[in-house]
Amino acid sequence: MEKRSNILKRLFLGWIILISTSHIHAQLNYETSFLSFFKVQSFGGKVKAFDTLGNDYKLKIYPLIKADLEKIRERAVLDGQANILARVTKIEGEIYYLNKNYSKAIPLFADLLETNKIQNYQDSASVLFYLKNAYVHLHSLNKAIEIHRFLVGIHKRHPDIDAWKLHPKLSIIYYEMKLYKECLKQQLLEFDEFKQRKHMLIGYYNNRGLFWQKYGQLDSAMQCFNQAKEIYFKMHSDKQTPEDPFTLGLIEGNIGQVLMELKEYKKAIPLLEKDVTGSLKAKNFLNAAVSEIELAKCYLNLNKPYTGKKYLDSAFARLSNIEDYNAKLSILKEYAHFYEQTGSYKASIDYYNRFINFKDSVDLQENLKELISTQVANQVEEKENLIRESQKNIKEKNTEVSTQKTIQNALLFCGLVLITVIIFVSVQLKKTKAQKHLLEIKNKRIATRNEIINQSLSEKDLLIKEVHHRVKNNLQIISSLLKLQSGKSTNEEIRNSLSEAQDRINSMALLHQLLYRNNQMSSLMFNEYLSNLITQISDSFSKNIRIDYNLIELELDLDTAIPLGLITNELVSNAFKHAFNGKDGVITIELSKLVKNTYQLKIADNGQGLPANFDLNSVDSLGLDIVCILSEQINAELKIYNADGAKFEIIFKVA
């Protein structure tokens, strides 16, 4: 049996080698045949022939014919063949794009469109497709949206344009911009393109589930994922359509992630394992690694750290040859959690520092990418303005020439009187040109100053953003150090004090995190901050206490938001600790508007309430002292009373 097995292995390997060799020979034969065909074509025929190649072949053959294309460019310039010159420029832009050199591709494509060098609407659609996707890769998404809408307009006038040139859809671009509400609205408008095709509907509902999940509506996300799953099973019910374990695993993995957010880790595990199996069958090792990291999170949350570490080790091995920053960040963070959970604090801090350093490096690269994108967009815009100015000057010169011809014809009939008029007009024209020249000089100076000011503002915004990021990281490090110190102390009072200090620091770190994430420098949406803060506090207490909250949208400056966040942290933490004595209960938080510029933050519980002889001035509580001091700091009115439990009202004004 063993010998037979070896023979079969050799035959199998020989078959693979034969197929691979045949494929290589076929590829070489194709390249040789194309080059032979290319050499005998005219200049225009050579350009068209290369333009018909697929992207893979373009990259392979371009170095072999680059010199020929340069000769074609020179000849087209000499002969004034604008159409051939435009096609050569388009090829050069495509090669830059395929080599991921987007900053060089964009000016070439923009110039072709701005100067109307592309006459064929199919070529215009191709150029717009590459230009849009180049801006997407450089995260200049507003430009990408502008081009997408123009491309949709061309497609309406010419429906025969390939539909793939409209990808990515506008909803995906909104998703990349993290505008999830607009993303969901736009996706509804795109539904007609998918409804007649079941395999596309699966992707539609799966994506919609992801959009709802990012928007924070987990019930809607779960409904969409289940709908995608239902369509999948209907599609494969006749057993004529081959099974697709990767697609099914992907959907079930997404459902597993929603269950994780709902903290139903046991239910999430088998779904994530199916996602890993399907991804490995499809050789999608990145998706398999991501799901393994999610499985590790589940087991860590279920207090099974060593099972979780097996999945982390497996994911780490898969990611060794894959460039994906988010997955590598996630795995470093989970290793830190594992070592913290198993008591290896030194290793935990080491991994956490590696996580912070790697994240700083990634953030720096993203900031540089955004800066390059802005510079490229500015350069393109400047070039477009120069072209418009040039066209305007040409029109002015044509008008001037026409005027001069009219004057010359008139001179034949008007004699000496008209000669005087001509002299007068000439003098006025000279004055106008001089004034125009002076105006152009002033405009250039103004444009230069504006450019310097805009660049300074961009650098300032990046620096402020980096400051918030650094502050958040430093606060998180301090919080981790306090937690480690608390774990080392045997004095319960000291441990409680350190834990309270850690909660206060975390509330401030959360605020800087939101400022950094939302690109806000001096203000933030307080209701979003409060919602995240409430979740953070709730997760730190393992009690069966429910928090209900009703928050209106309210934007606050940092001087008001920070004290209100700390007040909320103190009052909600006190309610968890003292209001219920181990019993179930409900904490209610309301943010509402009373009158113009006046708002109320109300925090209440249905616990045992305050003592009958409660006196704020005689209570020895650091937390309540902090609440009073912070209320005075923002000129807020603080009300404390009993009504089926303790009630706190903070009434404050917003300028």
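Predicted model: local features only at pLDDT ≥ 70, side-chain atom pairs only at ≥ 80, totals over all residues.
Tyr 232 and Phe 233 sit edge-to-face, 5.6 Å centre to centre, with 75 degrees between the planes. Tyr 232 is buried, with a relative accessible area of 2%, while Phe 233 is partly exposed at 43%.

The other one is Tyr 306 with Phe 338, also edge-to-face: 5.5 Å between centres and 85 degrees between the planes. Tyr 306 is in helix H15 and Phe 338 is in helix H16, so this pair ties together parts that are 32 residues apart in sequence. Tyr 306 counts as exposed, because its relative accessibility is 57%. Phe 338 comes in at 3%, so that one is buried. Both rings belong to one aromatic cluster, along with Phe 316, Tyr 335, Tyr 339 and Tyr 351.

Now, the nonpolar core. The largest one has 84 residues, and Ile 331 is among the members that touch the most others, as are Tyr 97 and Ile 255. Helix H6, residues 121-137, gives the largest share of this core, nine residues. And apart from it there's another core, of 42 residues, including Ile 537 and Ile 603. Back to Ile 331: leaving out neighbours within four places in sequence, it contacts Ile 293, Leu 312, Ala 315, Phe 316 and Leu 319. You'll remember Phe 316 from the aromatic cluster.

Last stop, Gly 209, in helix H10. Gly 209 is at 0% relative accessibility, so it's buried. Beyond four places in sequence, it touches Ala 221, Cys 224 and Phe 225. Its C-alpha is 8.9 Å from that of Ile 255, 46 residues away along the chain.

Note on methods. Residues numbered from 1 in each chain as written. Heavy atoms only, no water. Helix = DSSP H or I, 4+ residues; strand = E, 2+ residues; numbered from the N terminus. Buried < 20%, exposed > 50% of the residue type's maximum accessible area, 1.4 Å probe, protein only. Contact = heavy atoms within 4.5 Å. Core = buried A, V, L, I, M, F, W, Y, C linked by side-chain atoms within 4.5 Å. Phe/Tyr/Trp six-rings, centres within 6.5 Å; stacked < 30°, edge-to-face > 60°.
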